[in-house]
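Work through the exercises below with the sequence and the 3D view at hand. Try each task before reading its solution.

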Amino acid sequence: MERRQLEYFLAVVEHGGFTAAAIALHVAQPSLSHAIRSLERECGGKLFHRLPQGVVLTAAGEALVQPAQQVLRDLSTASSLVREVLGLGGGRLDIVSQTTLSVDPLADMLGRFHRVHPKVSVRVVDPERGSAVAHMVAAGQCELGLVDASVSTADLRGIDLPEQEMHVVLPADHPHPAGDTITPRELAALDLIVTPPGTKTRAAMDDLCAALGVEPRIAVETAHRAMIVPLVLSGVGASLLPASMARDAALRGARMLSPRPRLLRHGRLVWRSGPLSPAAQAFVDLASAPAQD
């Protein structure tokens, strides 16, 4: 079983067919089809049901997906370790992160990392739910994951990151009394712009309202986080955001308030047991060290 066969197999899975996979890989379709047939002979059975409009995984194919991803991840790590020993620069780092943690603290962490390791290429994947982060790291799809600390990651190694404070942003002309703080009851009475159920900021808002025995007043629910600040600025309602996003909204004209008592969250950086690539180990070392001013 060759690396190329596994790469072709996963490309067909990702793109849903041989033609699209061949185009994405920049190879001739007959070469890709031949490689898949050879892989099927080695595995002892069909990996795909060939259909008029594409392909569907067989049970055997489904069983191969996760091991294939992990084999390619391990080969990439081994190659990176050899390059590091030989003193070669570069490398690649794949991180999967929940959206709000990508904004804060991951963006700042990557800025610090890039200054020290400018030749490392970084890819950040952005699933909506924390459980998907843990799954992708455990399956070897990404080497590192950034997930809310409340998510179960029992089978993964990791470190807790510093707490991040959540803030409320309001339209500039909102009638909320002057000042820079807001109580839980005042927050629960606002028209809210929220993310879908299952996301961390939505859970924080739902928990706050549940503790007060009230239903949240949802003006807009959106999975498109890029909409949130424009919706606030247009007067639709208020939203609960991580500190960096709230500060950016304030710079654009929104009011920024701090809940009292404070609403805090913190993330956790996770990885599978076993050796990390040099790039991933360097990132873990950076995350473990105090940030320098």
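**Exercise 1.** Leaving aside its neighbours within four places in sequence, which residues is Ala11 in contact with?

Solution. The model is a predicted one.
- Step 1: locate the residue. Ala11 belongs to helix 1, residues 3-15.
- Step 2: set aside the neighbours within four places in sequence; Ala11 is then in contact with Ala21 and Leu25.
- Step 3: check the accessibility. The relative accessible area of Ala11 is 7%. Buried means under 20%, so Ala11 is buried.
- Step 4: compare sequence and space. Ala11 and Leu32 are 21 residues apart in sequence, and their C-alpha atoms are 9.8 Å apart.

**Exercise 2.** Check the span of helix 3, and find which of its residues are buried.

Solution.
- Step 1: helix 3 has 15 residues, 29-43. The expected span is 1.5 Å times one less than the number of residues, which gives 21 Å.
- Step 2: the end C-alpha atoms of helix 3 are 21 Å apart, which agrees.
- Step 3: the buried residues of helix 3 are Leu32, Ser33, Ala35, Ile36, Ser38, Leu39 and Glu40.
- Step 4: look past the end of the helix. Gly44 follows helix 3 and has a positive phi, near 90 degrees.

**Exercise 3.** Where do the buried residues of helix 8 fall, seen down its axis?

Solution.
- Step 1: the 13 residues of helix 8, 200-212, should span 18 Å, and the end C-alpha atoms are 19 Å apart, which agrees.
- Step 2: Thr201, Arg202, Met205, Leu208 and Cys209 are buried in helix 8.
- Step 3: these buried residues fall within an arc of 130 degrees down the axis of helix 8, so they line one face of the helix.
- Step 4: recall the geometry. An α-helix has 3.6 residues a turn, so residues three or four places apart point the same way.
- Step 5: on the other side of helix 8, Asp207, Ala210 and Ala211 are exposed.

**Exercise 4.** How many residues line the largest pocket, and which element gives the largest share?

Solution.
- Step 1: the space in the largest pocket is about 750 Å³.
- Step 2: its lining has 22 residues; Leu10, Glu14, Leu72, Arg92 and Arg123 lie nearest the centre.
- Step 3: helix 1, helix 2 (18-25), helix 4 (59-85), strand 3 (92-97) and strand 4 (121-125) each give two or more residues to this lining.
- Step 4: the largest share, 7 residues, comes from helix 1.

Technical notes: Residues numbered from 1 in each chain as written. Predicted model: local features only at pLDDT ≥ 70, side-chain atom pairs only at ≥ 80, totals over all residues. Heavy atoms only, no water. Helix = DSSP H or I, 4+ residues; strand = E, 2+ residues; numbered from the N terminus. Buried < 20%, exposed > 50% of the residue type's maximum accessible area, 1.4 Å probe, protein only. Arc of directions from axis to C-beta. Contact = heavy atoms within 4.5 Å. 1 Å grid on protein atoms, 1.4 Å probe; cavity = no way out; pocket = protein on both sides within 12 Å on 5 of 7 lines; lining within 4 Å. Points joined across faces, edges and corners; volume = space filled by probe spheres on them.
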